[in-house]
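Please read the following account with the sequence and the model side by side.

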Amino acid sequence: MTRLVIVESPTKAKTIRGFLPKGYQVEASMGHVRDLPESASEIPKDLKGKDWARLGVNTQSNFEPLYIVPSSKRKVVNELKDALKDAEELILATDEDREGESIGWHLVQVLKPKVPVRRMVFHEITREAIQDALKHQRGINEELVRAQEARRILDRLVGYTVSPLLWKKIAPGLSAGRVQSVAVRLIVNREEERRAFVSGQYWDLKAILSPLADLKVRFEATLQSVGGTRVATSKDFDETTGKITKGKKVLQLDEKSAVALKDRLINAAWRVSEVSERTQIRKPAPPFTTSTLQQEANRKLRMTSRRTMDVAQNLYEHGYITYMRTDSVNLSSEAISAARRAVESRYGKEYLNPTARRYATTSKSAQEAHEAIRPAGTQMRTADELRLSGQEAALYDMIWKRTIATQMADAQLTLVTAAIRVEDAEFQATGKRIDFPGYFRAYVEGSDDPDAALEDQEVILPPLKEGDPLKCRQLDPIGHETQPPNRYTEASLIQTLEREGVGRPSTYATIIGTIQDRGYVSKVSNQLVPTFTAMAVNRLLEKHFPDLVDTQFTARMEQSLDDIADGEVDSLKYLRGFYQGDKGLETQVDQKTQSIDPREIYALELDDKDLRARVRIGRFGPYLENQVSEADDPIRVSLPPDLAPAELVPTTARKLLEQKSEGPESLGIDPKSGEPVYVLSGRYGPYVQLGSAESNGGKPKRASLLRGMKPEQLTLDTALALLSLPRPLGFHPQTMTLIEAGVGRFGPFIKNGSEFRSLTASDNVLTVTLDRALELLSQPKGNRAAPAAPIREVGAHPTDGQPITLMSGRFGPYVKHGAINATLPKGTNPARLTLEDAVKLIAAKQAQPPSKRPARRAKSAVAAAKKTTTSKATKTTKARKPATKSARKGKKKAS
């Protein structure tokens, strides 16, 4: 007999297996083994007619959830049941958080063990931690399970109740979420602030100075005041007017006055009027929590929050770091001792803080029993010592340095300020000197290289004292424009969500990934930009369901869920109050379904003189609708897919509307047909068009722009060249068949009869020559390029141990396991694919019936098969179709 230990993943199972004594069998559940149904096909047949089954929660029966074992998990469950038959004890070693507790509870419900069940928890996978966990086993924490269940039910109620309303009032396929909608609102509101922003202009002077005692030395100083009045800076402007905020007494210089001031001061006498120094002590930041790890990885490593958590999960499961879902900054005594030993050995005793530094978590919901994220074990091994590489090495190195820095001495700096007088103007020069780098030597927030950061932080001023004369080497007027509020990055959004108490750090990666996958947000240069769809959804929710997008309401909801975990609040009572009753969500949605007019829902509005335009969401995406008066017919025009809401200003809107009503401006006339050539923007991007739809029977010739081409830089010759594709190059000298160059579904190509060759990145389809085409055609297809290598190995399949690889195919990325290939669903980011996701895709592919598409065969064989098909079989097939439809109707009536 053995003791069966169940964990979530094969990687974690493999690592733990090496730390357990004989007699223990470790298996992986591959995450959750059961959940609420995701689609109607997963609902049991005997419940399909129930109104509540669509929700997956029986709201009329104490909010009883409907749990099902997905088809992709049935094989895993059966294997776990088989393993349990020979076990004398079941040990649940799932993660120590609420979700891990929930997975363990569900395993018990599904496996129905007849042997003792114990719970084993640990925050790092090391030999010492596993052995200690074996000695201190416990039972399942029912309060944590209830809290996680309440959270799951609450999310389902919000998503499955509000989302259908969005489908009816805005567009199909939209979704709402308890936390995702709040995150979208924050991003949308920032975009609205950018739309309302009015830029202001101001000027100042920058001087390059040298002490008369040492003319080789130069330093900078900036203008502060003139005649005792402070010179205006960006903080003095009203963001909605672009003018100085009322009540502020500052001097706003324009270009003319700045140049005049320069001419007056450049040859005057410059002198130091005051020098001051102050000491600054900087203390290291606390060790990483889930939230701060995601923020810093985004700033330093440009990693998304989802990718950060994937890499951190892998590091944890291999035993390299402690558990990565934590909101505690606590470090164990063993970890502090290990960090202090590492500091002394690597940097010297002078860099070690005199006493052990401990951090206290300020968050009420934080669990001090957990630890911050740190290197696992007591050796504090470096990334090189662990032989890590790539993103794993980068993230681990950041965690290692942050942990080490917590036990290093404070950094000591001296800040120097010199006031400089010239006539009635005052300039200021500032310097910063690092007297002792302390923890800077290991870690500087936001910087990849601590040593380089030290140099960047120091600004050394020459020795100056009051009364020292100076020589002005250069004096430049500098113009400035105030800038709109910065868009959120993943780091700043996570910081805001955590500060507002919205969601929990362990969910932030999923939230940010979801709002991008659903088309509410796009990432441009690390900035999160809302789409017009997000603007429309947010407008509806703010107006009709304000609580669902209110940060304070959502924060109170999170606190209630924490209180359920602590046993202070009854989950059933809370769910009833939220969903049922006159003010419950169910009633609100029913009422709003009847009262909301879809025409009242739009993304944004432009009201400027003759412009009365609104952006609406249509079947094919966002479009601009302008109707100056009710007597006029509205003009509608599709919006470019890459246009950000803040960039749709009245001038841009007018240009789009004019192109729609008056027709686009042509690049010129095609000399062959005499028709104009236009550059237009469509649903799939910019393209060129020959003539109009009216003059060509509704089907004018069109051609998409090639990659890298910009509409504003397009010439008539280039447009005509695009429209001429496919382009004849000449005849093959051996076969005398025509060779053409064109652009197809998979990019530019060369064609000769039935032979195709793709052009390389260095070839241009508009200029490729016959000689180059012959060179490409002379290369056999098989030798044209090496077979595509796997993008990466996802992991070993839990059933047979064979590798699952992520491949790049003709129709997009797919996962491969033996002879089974499963395409990634649309919108899935290959970089974020986990082993659990891959196993689900493989299982779903295996469960599909064989393809109905006939195998390739000769035309004669196909024709012969058609001839042998009897009329009787044809009649039988035709007779079956109505019977199927009637059966479906019968099922619908019964339901």
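Which residues in α8 meet which residues in α14? On the α8 side they are T290, S291 and Q294, and on the α14 side P505, S506, Y508 and A509, where contact means heavy atoms within 4.5 Å. Before going further, note that this is a predicted model, in which local features need pLDDT of at least 70 and side-chain atom pairs count only at pLDDT 80 or more, while totals for chains, interfaces and linings use all residues. Residues are numbered from 1 along each chain as its sequence is written, and side-chain values use heavy atoms, with hydrogens and water left out.

Helix α8 covers residues 290-301 and helix α14 covers residues 505-517, and the two pack at an angle of about 40° with their axes 7 Å apart. The axes are lines fitted to C-alpha atoms, for helices over the stretch in contact, and the angles run from 0 to 180 degrees between N-to-C directions. The pair α8 and α14 is therefore oblique, given that angles under 35 degrees count as roughly parallel, over 145 as roughly antiparallel, 65 to 115 as roughly perpendicular and the rest as oblique. By class, the residues of this contact of α8 with α14 comprise three nonpolar, four polar and no charged; here Ala, Val, Leu, Ile, Met, Phe, Trp, Tyr, Cys and Pro count as nonpolar, Asp, Glu, Lys and Arg as charged, and the others, Gly among them, as polar.

Helix α8 also packs against helix α9 (residues 305-317), at an angle of about 115° and with the axes 9 Å apart. In this contact T290, L293, Q294 and A297 of α8 face S305, T308, M309 and A312 of α9, and the residues divide into four nonpolar, four polar and no charged.

These helices belong to a protein chain with 24 helices and 31 strands, the helices being DSSP runs of H or I of at least four residues and the strands runs of E of at least two, numbered from the N terminus. Taken along the principal axes, the C-alpha atoms of the chain fill a box of roughly 110 × 90 × 70 Å. Of its 895 residues, 46% count as buried, on a scale where buried means under 20% relative accessible area, exposed over 50% and partly exposed in between (1.4 Å probe, protein chains only). Among the contacts with a separation of 6 or more, 66% are accounted for by residues 24 or more positions apart.

One further helix pair joins α5 (residues 142-169) and α18 (residues 585-595), whose axes come within 10 Å and cross at roughly 5°. Helices α5 and α18 are therefore roughly parallel to each other. The contact is made by L157, V158, T161, V162, L165, K168 and K169 of α5 together with L585, V589, K592 and T593 of α18, and by class it has six nonpolar, two polar and three charged residues.

Helix α21 (residues 770-777) can be followed through its buried residues, which are R772, A773, L776 and L777. Seen down the axis of α21, these fall within an arc of 135°, so they line one face of the helix; the arc is that of the directions from the helix axis to the C-beta atoms. An α-helix has 3.6 residues a turn, so residues three or four places apart point the same way. The buried residues of α21 pack against the strands β24 (727-731), β25 (738-744), β26 (747-752) and β27 (755-758).

In the loop between β24 and β25 lies H732, which counts as buried at 14% relative accessibility. Leaving aside neighbours within four places in sequence, H732 is in contact with T737, I739, N752, L774 and L777. The loop between α20 (716-723) and β24 holds P726, and the peptide bond from L725 to P726 is cis, with omega near 0°.

Elsewhere, I91 lies in strand β5 (residues 87-92) and counts as buried at 0% relative accessibility. Not counting residues up to four places away in sequence, I91 touches R3, L4, V5, I6, Y24, R118, M120 and Q137.

Two asparagines have a positive phi. For N62, in the loop between β3 (57-58) and β4 (64-65), phi is near 55°, and N62 is partly exposed with a relative accessible area of 47%. For N526, in the loop between β14 (521-524) and β15 (527-530), phi is about 70°, and N526 is buried with a relative accessible area of 15%.
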